[in-house]
Amino acid sequence: MKKYSVNELRQMYLSFFESKGHLRMNSFSLVPHNDNSLLIINSGMAPLKPYFTGQEIPPRRRVTTCQKCIRTGDIENVGKTARHGTFFEMLGNFSFGDYFKNEAIPWAWEFLTEVVGLDPNRLYPSVYVDDAEAFQIWHEKMGIPEERIFKFGKEDNFWEHGSGPCGPCTEIYYDRGEKYGCGKPGCTVGCECDRYMEVWNVVFSQFNNDGHGNYTDLVQKNIDTGMGLERLAVAVQDVDTIFDVDTLQALRNEVCAIAGKKYLESEKDDVSIRVIVDHIRSATFMISDGIMPSNEGRGYVLRRIIRRADRHGRLLGIEGGFLTKLADAVIEGSKDGYPELAEKRDFIVSVIGQEESKFEKTIDQGLEILTQLEEKLTAAGEKTLAGEDAFKLYDTYGFPLDLTKEILEEKNIAVDEDAFNAAMKTQKETARKARKTTNYMGADATVYEQLDASVNSRFIGYDTQTVQAKIVAMAQLHASDEDEQDEVTEALTDGMTGAIITDETPFYGTMGGQVGDIGIIETATGTFEVKDTLHVAGSKIAHVGVVTKGMFRTGDQATLKVDAENHMKICRNHSATHLLQKALREVLGTHVEQAGSYQDAGRTRFDFSHFKAMTEEEIKKVEEIVNEKIAEGLPVVTDVMSLEDAKKTGAMALFGEKYGEKVRVVKMGDFSTELCGGTHVANTSQIGQFKILSESGVAAGVRRIEALTGSNVRAYYDQMEAEMKEAASVLKTTPADLIEHIRKLQEELKALKSENESLKSSAAKEALGDVMDKVQEIKGVKLLAAAMKDVDMNGLRELGDQMKEKLGEGVVVLISASEGKVSLITMATDGAMAKGAHAGNLVKAIAPMVGGGGGGRPNMAQAGGKNPAGIDNAIAEASRVLEGQLK
């Protein structure tokens, strides 16, 4: 059997499945696209999930890929064993509702035996214990004896993750020979030793799990094959481990040459050699996909990997930076399958070099401090490093927690991770509070001030909305409630929020009341949605938004496309504002000056000096003038001239505004001339229509008009018409008769209210009944204290007035309960008050008995309560309280 290289095996696999009608697709980025469930792509199937779930239609129902993958779940074991690694390539052939078991199994066998040349007698398939169909295909169609087909349970041969698509799988094991075995008599497929190695796994996605263990057949059955390229190379090249296959061996030899070491002479050195070999592969591929070292997410994974490799370089006696040379070796070894590595060589090497340089400045001092901490712990007989000390190593010397843990683990010392996390949380909260209040859209410009002052942008959007430009700087941005701070970066990847600065741009940056443009920035490798455009430090224009696909690097050539429809709406509003200001000066007087303005795609807002509210007639007149000038189709002409020349034209300038030597003068026919740096329509007819929505006061001597233009006016009237039709429908009439119908309803409502009040009054009287026989006389003052049901406070007041008239002179106390709530009112006549009666104090004394409180004037007071059960006690108490009041 020929010992094919890794690059040959990759090409052979993809070509084989191309011959079976599969579309060969390039490896997807390590950065997941629209998938928040993953930090980094970790399998061949992961980037194809939308095709499996039906969210997206695949380019073909048969697809084959070699996908770069990273898994860091057991990073602490990388190097310690020759089995573990963080980076690997996953060969895959996939079917989205096309072929199934009858094709997938024979093709797997054909590739391994006929294309690669593995001995069929050393291959052993396994199937799920209940998958009779797969067993039958292996036995009857492929001719594999029953005793060579292994049946395993769910744990080994059934793939599922909670609810959703799932299914059995078949695996193919390769017998590497006795020299790799454990020597035990029962050693066979499934043994933990290295003799029988799984090289192929086909998942038959045929069921749907409802999450409660109930399985139903999928209408569309899928095939998901995974085969580790490095593992296949181990079998084909007949080597011990993945670190011995040709590409990794070449890298391993490079590490040994730099360190002056030999592999397999010292187990301690071998661990470090394997760590560096694996980690530099991961770092190189991650950076090629735009992942940058940072203290969060994917960037933190990369930083951990680079710094772990750096530390193991120190253990091998390597002084200074060495990873850039190894990155070159990775690129040379893998560029056949991944040509983008060579294209991005300078970028990759630069990022690794910068990260190494950062760590170089602190690693020696950090290691020295860690050694001192170890000695203190040993002297004290302790086995746990304080979390605060671990955090200091992280915060001051750049030691990721797992690096500190790994170093101490060698001395059997643990780390108090809870205390470390508490210190981290405290620091982040302190940093967040210290930060200026801002939003992720970049209002806080501190990050831009870190950029080279020579980096500038030139706005060329007065005449074009699309331009080719070079990315000269970028920043990753965070929301104000996030723990991380904004930072300058060399790359932005899928899902990241950031700012892109180019040498030229057609995007208008927010300024002079006009909001920034939105749109798209595209390169050969990515798409960026611009959500805002800002003027930042110096003469830089930042396009703020999110990467929706792929990655961006500083230096990339990009195509910038302004959202033309949104831009035109802003232009309409801005140009209309110029017409509005002139119309206001004509109608209200020349004292009108601009005090502020705002234009976005939805509306225009104009603040101006005026000392009283505009009348309806004035508003109407202003609106008419603006619409007349729109209808006249005035040409909008912009000239650039000196400020002195601009003043001579009579152009209006903003009070207090600072202007440069050259200014832009925007002239609309002979009607309006203003100094303005914003963007405008070419002719006033493009504004379409103008509608004032409101006029209001915002400060002393400052009024505000809000208005719409163009299609927004039509949308406004469409909405009003829809609301009018809905109102007419609710009232069972037509829009034409709506006003008359409303008038009739108002008359009916007025009559019904009057009738209702009359009925309520009658009901209250009935509820009170004939109560004059309940009148008591206390110290010569009459008291009427009575309770009733379902009378509200208004009803009680009306009854109180009536009872007061009947008494002539005296005190009235009325209490009513309705739906669990109590209303209480007291009234005292002038004669009663002259003898000491006080309605307010009386309410205050008896209200607590009904679970409430209240008070009022001497002649009338009221209260509310929540305890109807206390009404009788309150009635009884009223006489005692009144008696105490009277002289």
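Mentor: The lining of the second largest pocket is made up of 15 nonpolar, 13 polar and 14 charged residues. Please keep in mind, as you look at the picture, that this is a predicted model. The pocket holds about 1,200 Å³ of space, and 42 residues line it, of which Asn26, Ser27, Phe28, Ser29 and Lys549 lie nearest its centre. If you follow the chain by its elements, you will find that helix H1 (6-18), strand S1 (23-25), helix H2 (49-53), strand S2 (62-70), helix H11 (340-343) and strand S20 (541-553) each give at least two residues to this lining.

Let us turn now to the helices. Two packed helices are described by the angle between their axes and by the distance between those axes. Helix H8, residues 267-288, packs with helix H12, residues 345-380, at an angle of about 120°, and their axes are 9 Å apart. H8 and H12 are therefore oblique to each other, and H8 passes H12 in a right-handed crossing. On the H8 side the residues that meet the partner are Ile280, Thr284, Ile287 and Ser288, and on the H12 side they are Phe347, Ile348, Val351 and Ile352. Sorted by class, this contact of H8 with H12 has 6 nonpolar residues, 2 polar and no charged.

H8 also packs with helix H10, residues 323-334, at an angle of about 75°, with the axes 9 Å apart, and H8 and H10 are therefore roughly perpendicular to each other. Here Ile276, Ile280, Arg281, Thr284 and Phe285 of H8 make the contact with Leu323, Leu326, Ala327, Val330, Ile331 and Ser334 of H10. The contact of H8 with H10 divides into 8 nonpolar, 2 polar and 1 charged residues.

The remaining pair is helix H23, residues 839-846, and helix H24, residues 871-885, whose axes come within 9 Å and cross at roughly 135°. That angle makes H23 oblique to H24, and their crossing is right-handed. From H23, the residues Asn841, Leu842, Ala845 and Ile846 meet Ala874, Glu877, Ala878, Val881, Leu882 and Gln885 in H24. The contact of H23 with H24 counts 7 nonpolar residues, 2 polar and 1 charged.

Definitions and conventions: Residues numbered from 1 in each chain as written. Predicted model: local features only at pLDDT ≥ 70, side-chain atom pairs only at ≥ 80, totals over all residues. Heavy atoms only, no water. 1 Å grid on protein atoms, 1.4 Å probe; cavity = no way out; pocket = protein on both sides within 12 Å on 5 of 7 lines; lining within 4 Å. Points joined across faces, edges and corners; volume = space filled by probe spheres on them. Helix = DSSP H or I, 4+ residues; strand = E, 2+ residues; numbered from the N terminus. Nonpolar A, V, L, I, M, F, W, Y, C, P; charged D, E, K, R; others polar. Axes fitted to C-alpha atoms, helices over the stretch in contact; angles between N-to-C directions. Parallel < 35°, antiparallel > 145°, perpendicular 65-115°, else oblique. Left-handed = near helix turned anticlockwise from the far one by under 90°. Contact = heavy atoms within 4.5 Å.
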